Amino acid sequence: MSVGPRTGLLTNDEARQVARAFGEDLRVPQELVPYEGLRWDGSGSEWPELHLDDVSGIPFLVDVAGVEEYQHRGRLRAGNGDVYATVTPAADGYEQYCQSTLAIGAPEHLVAEPVGPPIMVAQACASGSTYRRLVEVASSAGGFVVHPYMGIEAVWELAQKLSVDARVSVHVLAPPPPVTWVANDKAVFDDLVSRVLGRGALVATLTSTVPDEIASNLQKLAADYERVGLKRTRCASAMGNSVFAASQVSTAADAKAHAEAFLRRTEWPEGEPVLAVAWHDTDLSPSTQLWVPPKGQGDPRLDGVYEQILAGEEKVFVGSRPSTLPPTLNEALGASAIRVAAALQELGYVGRCSFDHLVEGDPHGEFRVLFTECNGRWGGTSMPMSLLDRVVRGPRPAYRAQDVVYPELVGASLADVLERVGDHVFDTASGDGRFLFYNLGPLRAHGKFDVISIGRDPEDAEHGMLELLPELLSR
């Protein structure tokens, strides 16, 4: 069994030392100065929180059906006394379901007037009646916490404006933008992992900002691997990936044609790095879920190891379940993740974070853990995980969470879904039932929503999602 590319992992303190040098190279300490007064330091637990899921910092999500409604996932974190903001109204019955069935409190919901594309929630919150109400809430509470999906610039600008107009301390529970992009930019994150764990903790990767070199890198990797890929650095859920058989890019002409087509399709901005990577054919693509406290307030916490449910050649994320992998593999994944999270913490990272991995070899014998990317934000695995932690008494159960699409439910409402599922709807007060529903915004237009299937064991959770739920919804 191998737990990493080095003979023994660095300690957390050693990882932090590496991160300090890395941060100096990128001038991170200097870039953090403008955000200093707004950074969350763990205080203010008595203050209300503003939850907003603004996904505008991630390219190409507009291609995801119903993505403009994903902003309502912020409701899953909000509770009594909090505020959650969107620019679209909640699905009919959704708030009643959250309060009565899930029992996750009664926050105030503000619907802001859009100021751009509907995914730009933070900017919408900075004007009009929504902004005036946020000032009132912050001022009357004597302080305020903005807890976003991701620490993009618009969120910090909103917090700064609120702190001035409400005349109270406003903290952002997310990493400042310079650190947000250390985590979420694949090229920069690769560099950090390489320094903390060694180059062997990453898939074979060649990076360039020049189209001809990008094509050449693809061809070079194709000489050693059966499949290769191109990745944009700041995309999510495989939306900025393309995968090729080695035979497709084995000549310079073919590699150039495919690379140029990729750059056009992804609207590549000239000068941005593009990664050419070895594409490993493995079904073992786990993720590690972490919570990172402010620097000096304890080590990062591993909240779970998960198996990702991926679809298609590009391995697009559609869901997850708690790991059923061998304990030694889970331990190796967790140990490596904690070291990298400690490095991010040293740079100024706080809040929710996760890492995507690949596992090479035999999970029951000799294996190697590889990092593929960081999700420096809330995501499709952490949201249902934290929701279950809010509503289930005792240890986290076996479950499977994913988005589903039922074309026959186009035009349906949450009430229609709940009626069909009947006694199988999970109820927090009684603990009965097995299905929890969220991200209901895309239901009416696309027949799409997210669901958690709880089971007695992993097999029962799978049965619920793949067999029982389709049977119930077809009634």
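Is Arg456 buried or exposed? In this predicted model, Arg456 is exposed, because its relative accessible area is 73%, over the 50% cut-off. Its salt-bridge partner is Asp460, with 3.5 Å between N and O. Asp460, in contrast, is buried, at a relative accessible area of 9%.

The structure holds 23 salt bridges, and some of them share partners, joining Glu307, Arg321, Arg400 and Glu462 into one network. Another bridge brings Glu272 and Arg232 together, with their closest N and O atoms 2.5 Å apart. This pair links distant parts of the chain: Glu272 sits in the loop between helix 10 and strand 9, while Arg232 belongs to strand 7, 40 residues away. Glu272 is buried at 17% relative accessible area, and Arg232 is buried too, at 6%. Now look at Arg39 and Glu36, which meet in a salt bridge at 3.3 Å. Here Arg39 is partly exposed at 23%, and Glu36 is partly exposed at 48%.

Next come the aromatic rings. The count of aromatic pairs is 7. In one of them, the ring centres of Tyr406 and Phe449 are 6.2 Å apart and the planes meet at 20°, so the pair is stacked. Tyr406 lies in the loop between strand 15 and helix 13, and Phe449 in strand 17, 43 residues apart. Tyr406 is buried at 10% relative accessibility, and Phe449 is buried at 0%. Elsewhere, ring pairs link Phe189, Phe355 and Phe371 into a cluster.

Finally, charges and rings meet. Lys161 lies over the face of Tyr131, 4.5 Å from the ring centre, and Arg352 lies over the face of Trp378, at 5.0 Å.

Terms used. Residues are numbered from 1 along each chain as its sequence is written. This is a predicted model: local features need pLDDT of at least 70, side-chain atom pairs count only at pLDDT 80 or more; totals for chains, interfaces and linings use all residues. Side-chain values use heavy atoms; hydrogens and water are left out. Rings of Phe, Tyr and Trp (its six-membered ring) pair if their centres lie within 6.5 Å; planes under 30 degrees apart count as stacked, over 60 as edge-to-face and the rest as tilted. Helices (H or I, at least four residues) and strands (E, at least two) are DSSP runs, numbered from the N terminus. Buried means under 20% relative accessible area, exposed over 50%, partly exposed in between (1.4 Å probe, protein chains only). A charge sits over a ring if NZ of Lys or CZ of Arg is within 6 Å of the ring centre and within 35 degrees of the ring normal. A salt bridge is a side-chain nitrogen of Lys or Arg within 4 Å of a carboxyl oxygen of Asp or Glu.
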